[in-house]
Protein chains: 2
Amino acid sequence: MAVYTDVTEPQLAAFLARYDLGALSSYKGIAEGVENSNFLLRTTTGTFILTLYEKRVDRGDLPFFVGLMEHLAERGLSCPLPVHDREGNTLGELAGRPAAIFTFLDGMWTRRPSPENCRALGGALARMHEAAASFPLTRRNGLSPQDWRPLYESCGGGGDTVEPGLSAEIEADLADLEARWPTDLPSGIIHADLFPDNVFFLAGELSGLIDFYFACTDLLAYDLAITLCAWCFEPDGSYNVTKGRALIAGYADVRRLQPAEYRSLPLLCRGASMRFLLTRLYDWLNVPDDSFVTKKDPREYLKKLRFHRSIRDTAEYGLEAARVTKGRA
Amino acid sequence: MAVYTDVTEPQLAAFLARYDLGALSSYKGIAEGVENSNFLLRTTTGTFILTLYEKRVDRGDLPFFVGLMEHLAERGLSCPLPVHDREGNTLGELAGRPAAIFTFLDGMWTRRPSPENCRALGGALARMHEAAASFPLTRRNGLSPQDWRPLYESCGGGGDTVEPGLSAEIEADLADLEARWPTDLPSGIIHADLFPDNVFFLAGELSGLIDFYFACTDLLAYDLAITLCAWCFEPDGSYNVTKGRALIAGYADVRRLQPAEYRSLPLLCRGASMRFLLTRLYDWLNVPDDSFVTKKDPREYLKKLRFHRSIRDTAEYGLEAARVTKGRA
């Protein structure tokens, strides 16, 4: 949950006066997003989301994030559409923070994804990759493989306090991932954080993607790997092959995976697990317990890392290569 | 902010199926209330508030709270109206918690109340007292003067860790309040927690009162005293006589204060300050720092207690007795 910055009514009314959205009816801080403060805003013309960007978000990245959402929404992807003020701006300032207003998306995130959810999600992810291909801006992934080692080092060897031997295990994997990370796969703009709470469903249909604040330029199949790690494991840590197959097939039905992408998937999944293991480990060791941020157990991603390390062939994820590389056919 | 219990879509859809409110469109946890979990609920027929009652609320009190809101709303007071399911129930169970759905009130709480806000609030408080007079249920105030000493004792002398000498100061005041607390003033149902975040305004007009979960049977003028303490002091701790005058006059314009109520106001204000000083002190000493609950500084109410102790005559609050006891005239 996240409301870091309070907003007074006079401040918000003055901000809203720049838009053609009518008069303010109500606003309530909502428990959505962990990086920013979000409010559900009701005006005499409709319901909107107001986002205040907190200091964890680099102001220089905002035109990329907000521009990407507008680009995707204009191309038919269901995601929050930034609302323009009368001067055409999508970014303003409110309560000392950069701020933007977005259209409201109906739908609920699913706490227990079904294989059908995973298939729909795979398709939406591929459509996002295709729609983003024409977006003119780029953004370096601040959590790419080259950033993992410095992040690990900033944990100061604290890994072993979480699980004995963890530091050595991370170091071995880091060296292997650095040596073998692919550089010749198709790249483009990826979501990079497509966890279940960032995907809405309504009446069984996928109704929208939200929270593009980790979006960046990177390998497209790495985004699929991140998503697989986030959606296709059960609460007990076991891989659900039915969900994995559905996710990858849903993706490949829209955007055909190249053979090299297919072959790299186990390595990309190890990388995705390493990325979330390290950020969670860092937060586990460094975020104070009385913080607003709910700390997530890094061991969830350690388990996933070990699972992906055990994979010898992408087919073990549940899908035949022929099926994927040939696409829908 | 408060979302203690998460709700899954299947759970909520099953709960909603008992009502004639259409299908679920979205639900988001909101930062409102500190005792319960609240969600802003959108269905195909409108917007509602869903409340899950957490363990701090006694289940046996729920018919009183929910019945009171229905009673008040039916008599024209703007407050959340509990929605009946098809069997006529206003209380159900969701995610293992008692739960209720309420109509949504437009409006915003004011972070900086104006004298006009205070005048409108005084009138609304008096109208609430009058409308509640015909409500058939009663509820003992669990934070009445007889509860203050046990609450203080449960702080285990920790007052001096907050401010040296605080324990002796509280003990002297407690003894005085216990000896002099009035018993012959008009009583009825009071809100007992009418802080600014429980009062909504829209376009300068008071649009609703919320959060009746401290409502109980007690002295009506004590509710005015609680409200005065919550609304008529500036952030620096100084009493704002213009706001105090507006609040009391707004109240007396609707419900005439009896001379004994008027004379007792300084004592009642001392009591109100003691009540919030003690609950804040208890939380300060006992609630862990990593709790969801934001702890409020007890010294704010210590300052108010000292101010009210210095008052020799109710007129010092900014209003002539003649004006109040004669009412609007």
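## Helix 3 of chain A

In this predicted model, the buried residues of helix 3 of chain A pack against helix 2 (62-74), strand 7 (187-190), strand 8 (199-202), strand 9 (205-209), helix 7 (220-231) and helix 8 (241-254) of chain A. The buried residues are Asn117(A), Cys118(A), Leu121(A), Gly122(A), Gly123(A), Ala124(A), Leu125(A), Ala126(A), Met128(A), His129(A), Ala131(A) and Ala132(A).

Helix 3 of chain A covers residues 115-132, 18 residues in total. From its first C-alpha to its last the helix reaches 26 Å, close to the 26 Å expected at 1.5 Å a residue. In an α-helix there are 3.6 residues a turn, so residues three or four places apart point the same way.

## Strand 5 of chain A and its partners

Strand 5 of chain A spans residues 97-103, and five of its seven residues are buried, so the strand is largely enclosed by the rest of the structure. Strand 3 (residues 46-52) of chain A runs antiparallel to strand 5 of chain A, and five bridges join the two. Within strand 5, Ala100(A) is the bridge partner of Thr51(A).

Strand 5 of chain A also pairs with strand 4 (residues 92-94) of chain A, in the antiparallel sense and over three bridges. Here Arg97(A), in strand 5, is the bridge partner of Leu94(A). Strands 4 and 5 of chain A form a hairpin with two residues between the strands, where Ala95(A) takes a positive phi near 55°.

## The five-stranded sheet of chain B

Chain B has an open sheet of five strands in the order 1-2-3-5-4, with antiparallel pairing. Strand 1 (24-29) and strand 4 (92-94) of chain B stand at the edges; each has a single partner strand, so one side of each is left without a neighbour in the sheet. From one strand to the next the twist averages 35°.

Strand 1 of chain B and strand 2 (residues 37-43) of chain B run antiparallel and are joined by five bridges. Lys28(B) has Leu40(B), in strand 2 of chain B, as its bridge partner. Helix 1 (residues 9-16) of chain B packs on the sheet and touches strand 1, strand 2, strand 3 (46-52), strand 4 and strand 5 (97-103) of chain B. The direction of helix 1 makes about 120° with that of strand 1 of chain B.

## Relation between the chains

Chain A is superposed on chain B by a rotation of 180° with 0.0 Å of shift along the axis, at an RMSD of 0.0 Å. That is the relation of a two-fold axis. The same surface serves both copies, as 100% of the contact residues of chain A recur in chain B.

Methods: Residues numbered from 1 in each chain as written. Chains lettered and ligands numbered in written order. Predicted model: local features only at pLDDT ≥ 70, side-chain atom pairs only at ≥ 80, totals over all residues. Heavy atoms only, no water. Pairing = 2+ DSSP bridges. Helix = DSSP H or I, 4+ residues; strand = E, 2+ residues; numbered from the N terminus. Axes fitted to C-alpha atoms, helices over the stretch in contact; angles between N-to-C directions. Contact = heavy atoms within 4.5 Å. Least-squares fit on C-alpha atoms with pLDDT ≥ 70 in both. Expected span 1.5 Å × (residues − 1). Buried < 20%, exposed > 50% of the residue type's maximum accessible area, 1.4 Å probe, protein only.
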